[in-house]
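Please open the model in the viewer and keep the selection panel at hand.

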Amino acid sequence: MASIIKSKQRVADHGEVFTPPWLVEAMLDLVKPETERIDSRFLEPACGDGNFLVPVLQRKLAAVDAKYGKSAFERRHYALLGLMCIYGIELLADNIAECRTNLLKLFSAHLGLENSDDLFGAAVHVLSVNLVHGDAMR
């Protein structure tokens, strides 16, 4: 089980505490129809390493497979659309880098992408634009 803190110093300095996975799933279940809609937008103003955004993408990819699993073109197209509808802001640079990596790993593994695939490059670009290092309070 993942820890809800990385260090006591980070909690003291930044108030950094991660929501446990069971609570993330319970919260996402409260808006389940939206998490399963490929084009629904999600903004996490303190996205950390992606502990909300990764499960959102998992749900979107499952919806893509259910609706478009028979067509490789449509599956890839709608998976990218789902990824494009995910946004995050994070105060700490190491967290936003980890969030981008976690989402990219999930996306590329789900579609069986190689780093040389054009869709992989598109996903890297989307994540660099949609997941920003900054202070959501400003």
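Two strands are taken to pair if DSSP finds at least two bridges between them; helices (H or I, at least four residues) and strands (E, at least two) are DSSP runs, numbered from the N terminus. The model is predicted, so local features need pLDDT of at least 70 and side-chain atom pairs count only at pLDDT 80 or more, while totals for chains, interfaces and linings use all residues. Residues are numbered from 1 along each chain as its sequence is written, and side-chain values use heavy atoms, with hydrogens and water left out.

Select leucine 43 to begin: tyrosine 87 in β2 stands opposite this residue.

Next, display the open sheet of 3 strands, whose order is β1-β2-β3 with parallel pairing. Its edge strands, β1 (42–44) and β3 (131–133), each pair on one side only. From one strand to the next the twist averages 10 degrees.

Finally, turn to the aromatic rings. How many aromatic pairs does the structure hold? It holds 1 aromatic pair. Rings of Phe, Tyr and Trp (its six-membered ring) pair if their centres lie within 6.5 Å; planes under 30 degrees apart count as stacked, over 60 as edge-to-face and the rest as tilted. Select tyrosine 68 and tyrosine 78: their ring centres are 3.9 Å apart and their planes lie at 5 degrees, so the pair is stacked.

Notes. Axes fitted to C-alpha atoms, helices over the stretch in contact; angles between N-to-C directions.
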